[in-house]
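Subject: Handover of a structure

Dear colleague,

Please find the structure below, followed by an account of what was found in it.

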Amino acid sequence: MARSNRPKRSKGNHEHEELNLDRVRSGVKRTEIKRGVAYVVQASTGRNAEEDKTWVCPHCNLSISIGLSHLVVWDEIRGLDTRRHFHTTCWAKFQGSLL
Ligand SMILES: [Zn+2]
């Protein structure tokens with residue numbers, strides 16, 4: 001008996017699609033210099049994982065509600081440990097340094 005059903009192989013395209021989706025979901029990164037310090041600035045939709053978590057903006061000390069578009073910023077040199085969430089407008093005004 002000949003087998004008529006060959007196992008279907010995925011072409012591997014799915015992997016690329018997921019990668020692209022991931023990149024869109026995690027937002028576009030850019031680098032900004034403030035007072036000679038380079039910061040990585042990434043847009044967030046506020047809808048990422050960690051849904052129980054609320055963030056406090058270090059500029060205005062108000063929390064950023066879930067689902068609100070905001071910015072995630074960290075010191076390019078010191079890395080992700082310095083990461084903080086800012087309201088978009090607060091980051092524009094922020095001139096201090098991250099802790
Ligand atoms: Zn703020």
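Four donors count as tetrahedral if all angles lie between 85 and 135 degrees; donors are N, O and S atoms within 2.8 Å of the metal (3.2 Å for Na, K and Ca), and water is not among the atoms, so sites may look incomplete. This is a predicted model in which local features need pLDDT of at least 70 and side-chain atom pairs count only at pLDDT 80 or more, while totals for chains, interfaces and linings use all residues. Residues are numbered from 1 along each chain as its sequence is written, and side-chain values use heavy atoms, with hydrogens and water left out.

Zinc site

The zinc ion is held by SG of Cys-57, SG of Cys-60, ND1 of His-87 and SG of Cys-90, at 2.0 to 2.4 Å. Because the 4 donor atoms subtend angles of 102 to 117°, the arrangement is tetrahedral. The spacing of the donor residues in sequence is C-x2-C-x26-H-x2-C. Cys-57 lies in the loop between β3 (55-56) and β4 (63-64), and His-87 in the loop between β6 and α2 (88-93), so this pair ties together parts that are 30 residues apart in sequence. Helices (H or I, at least four residues) and strands (E, at least two) are DSSP runs, numbered from the N terminus. Cys-57 and His-87 are both buried, that is, under 20% relative accessible area with a 1.4 Å probe and protein chains only.

Sheet

An open sheet is formed by 4 strands in the order β1-β2-β5-β6, with antiparallel pairing; two strands pair if DSSP finds at least two bridges between them. At the edges are β1 (29-34) and β6 (79-86), each of which pairs on one side only. Strand β2 (residues 37-44) is joined to strand β5 (residues 70-75) by 6 bridges, and Val-40 has Trp-74 in β5 as its bridge partner.

Aromatic cluster

The structure holds 4 aromatic pairs (ring centres within 6.5 Å, using the six-membered ring of Trp; planes under 30 degrees apart are stacked, over 60 edge-to-face and the rest tilted). The ring centres of Phe-86 and Trp-91 are 5.0 Å apart with planes at 70°, so this pair is edge-to-face. Trp-91 and Phe-94 have ring centres 5.8 Å apart and planes at 25°, and are therefore stacked. Phe-86 is buried, at a relative accessible area of 0%, as is Trp-91, at 1%. Ring pairs link Tyr-39, Phe-86, Trp-91 and Phe-94 into a cluster.

Yours sincerely

Terms used: Buried < 20%, exposed > 50% of the residue type's maximum accessible area, 1.4 Å probe, protein only. Tetrahedral: all angles 85-135°; square planar, octahedral: opposite > 155°, others 65-115°.
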